[in-house]
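Hi,

Here is the structure I promised to pass on.

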Amino acid sequence: MQDREGETTEGGLSAMSQDSAAVPDAARKLAARRRREIVAVLLFSGGPIFESSIPLSVFGIDRQDAGVPRYRLLVCAGEDAPLRTTGGLELSAPYGLEAISRAGTVVVPAWRSITQAPPPAALDALRRAHEEGARIVGLCTGAFVLAAAGLLDGRPATTHWMYAPTLAKRYPSVHVDPRELFVDDGDVLTSAGTAAGIDLCLHIVRTDHGADAANALARRLVVPPRRTASDMGHQRYLDRSLPEEIGADPLAEVVAWALEHLHEQFDVETLAARAYMSRRTFDRRFRSLTGSAPLQWLITQRVLQAQRLLETSDYSVDEVAGRCGFRSPVALRGHFRRQLGASPAAYRAAYRARRPQNGSAEPVLRPERAERADRPERERAALGAGADRFSAAALAGHGLGSAEAGEAGKPQSDVYAARLPESPVGRGAVRPVLPGQRERPVG
């Protein structure tokens with residue numbers, strides 16, 4: 001039920017069967033009529049019920065008795081009724097788009113189809129809210145609505161890993177990173193899949209009211225108070241799939257050849273020659289089809305192959321590097337750590353600790369011990385990686401590079417899973433990018 005101030009409680013929804021470049025953070029003040037604790041949830045017809053219910057449960061139930069500060073929830077219809085969810089359930093939202101003008105936080109929990117354009121009126125309401133200082137949140141495919149409104153231009157963002165190539169291809173100015181559970185870019189936030197929507201909502205509560213409030217809410221919801229993409233129980237998703245439309249393109253044969261010959265050392269020039277194209281034309285065609293530069297895609301496929309071999313074989317790390325087309329174990333370690341957040345040795349130890357093979361009682365190194373055992377090699381790799389990045393950057397400036405020499409020097413405008421979260425050369429030491437932490441694009 002809804003109270004006079006617009007709060008919708010658990011039964012309040014009836015069921016009937018990067019900042020804009022023009023306005024810096026400091027200049028965008030929250031309009032006087034907007035309050036951050038007033039949360040508008042924007043629903044559309046055809047949206048999944050579970051994703052839609054996440055912000056309703058987090059922000060719409062009074063849990064002050066458990067130490068959770070109270071939010072005011074406004075459930076808004078993003079288009080004309082009736083709103084039907086997946087499964088045919090029909091919803092009636094108590095507010096329309098006009099109620100968004102009161103909210104300091106606006107959440108788009110999902111969008112019905114990544115191939116459809118959102119209603120223009122809803123996009124206008126989101127832009128207006130953002131201009132007036134509201135915090136805009138997109139959960140899962142809700143990121144497509146934010147991107148259509150232009151709110152993700154030039155910003156880091158994430159979405160469900162299955163839809164990340166489409167988001168990157170359709171909105172090339174968005175820096176898509178499907179490896180994160182959520183991305184907090186200040187006044188615009190996005191999350192990955194369904195469960196990551198809970199993580200982001202808890203992060204918002206933690207930001208507004210501190211860790212104690214977020215932890216109390218997590219206990220009530222019976223979920224972990226804080227997950228990260230590198231948690232032992234959470235695998236980062238790297239996928240060798242490509243958008244379906246590439247299947248009918250002449251490049252499909254070249255892509256298939258590359259996947260079958262990852263154990264060989266070849267570079268993008270080799271792929272371009274097989275496609276009878278210049279390197280420049282090949283890069284442009286490949287990016288238009290996949291949303292990713294071919295060099296970055298190739299690196300990701302090599303890392304993915306290494307991930308499989310570490311899981312399913314007893315090859316040493318050096319042997320794995322050779323069988324995945326890396327020119328040296330140093331190159332494998334650098335790219336593996338950048339994309340998966342762990343060294344190959346630590347990854348294998350952690351994987352085997354979770355999945356004992358054949359019921360063997362043979363002890364497995366704990367991840368931290370594997371890290372220590374791998375430390376001398378990692379220190380040497382770090383020294384080598386600095387030189388590799390320098391030389392790769394120099395080569396890249398002349399349009400040169402190989403599958404190993406050029407990868408670390410590629411600009412961060414390359415999107416999708418192979419974006420390398422490292423500092424550009426000359427801007428200080430490489431530092432890890434934490435889940436939810438803003439990674440500013442180069443330039």
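**What I found**

In helix 1, the buried residues are E51, S52, I54, P55, L56, V58 and F59, where buried means under 20% relative accessible area, exposed over 50% and partly exposed in between (1.4 Å probe, protein chains only). Helices (H or I, at least four residues) and strands (E, at least two) are DSSP runs, numbered from the N terminus. The cover over those buried residues includes strand 2 (35-43), strand 3 (72-77), strand 6 (103-108), helix 5 and helix 6 (211-221).

Before the rest, some ground rules: this is a predicted model, where local features need pLDDT of at least 70 and side-chain atom pairs count only at pLDDT 80 or more, while totals for chains, interfaces and linings use all residues. Residues are numbered from 1 along each chain as its sequence is written, and side-chain values use heavy atoms, with hydrogens and water left out.

**Helix 1 against helix 5**

Helix 1 (residues 49-59) packs on helix 5 (residues 194-209) at an angle of about 20°, and their axes are 10 Å apart. Axes here are lines fitted to C-alpha atoms, for helices over the stretch in contact, and angles run from 0 to 180 degrees between N-to-C directions. The crossing of helix 1 and helix 5 is right-handed, i.e. the near helix is turned clockwise from the far one by less than a right angle.

Which residues meet? From helix 1 they are F50, E51, I54, P55, V58 and F59, and from helix 5 they are T194, G197, I198, C201, I204 and V205, with contact meaning heavy atoms within 4.5 Å. By class, that contact has nine nonpolar, two polar and one charged residues. Ala, Val, Leu, Ile, Met, Phe, Trp, Tyr, Cys and Pro count as nonpolar, Asp, Glu, Lys and Arg as charged, and the others, Gly among them, as polar.

**Salt bridges**

The whole structure has 13 salt bridges, each a side-chain nitrogen of Lys or Arg within 4 Å of a carboxyl oxygen of Asp or Glu. A few to look at:

- E79 pairs with R112 at 2.6 Å, N to O. E79 is in the loop between strand 3 and strand 4 (83-84) and R112 in the loop between strand 6 and helix 2 (120-131), so the pair ties together parts 33 residues apart in sequence. R112 is partly exposed, at 30% relative accessible area.
- E269 and R279 have their closest N and O atoms 2.7 Å apart. E269 sits in helix 8 (residues 268-274) and R279 in helix 9 (residues 279-290), so this pair ties together parts that are 10 residues apart in sequence. E269 is partly exposed at 29%, and R279 is partly exposed at 22%.
- D318 and R333 form a salt bridge with the closest N and O atoms 3.7 Å apart. D318 is partly exposed at 46%, whereas R333 is buried at 8%.

**Two positive phi values**

Most residues other than glycine have a negative phi. C140, not a glycine, has a positive phi of about 55°. C140 lies in the loop between strand 7 (135-138) and helix 3 (142-148) and is buried, at 6% relative accessibility. Y276 also has a positive phi, near 55°. Y276 is in the loop between helix 8 and helix 9 and counts as exposed, at 78%.

Cheers
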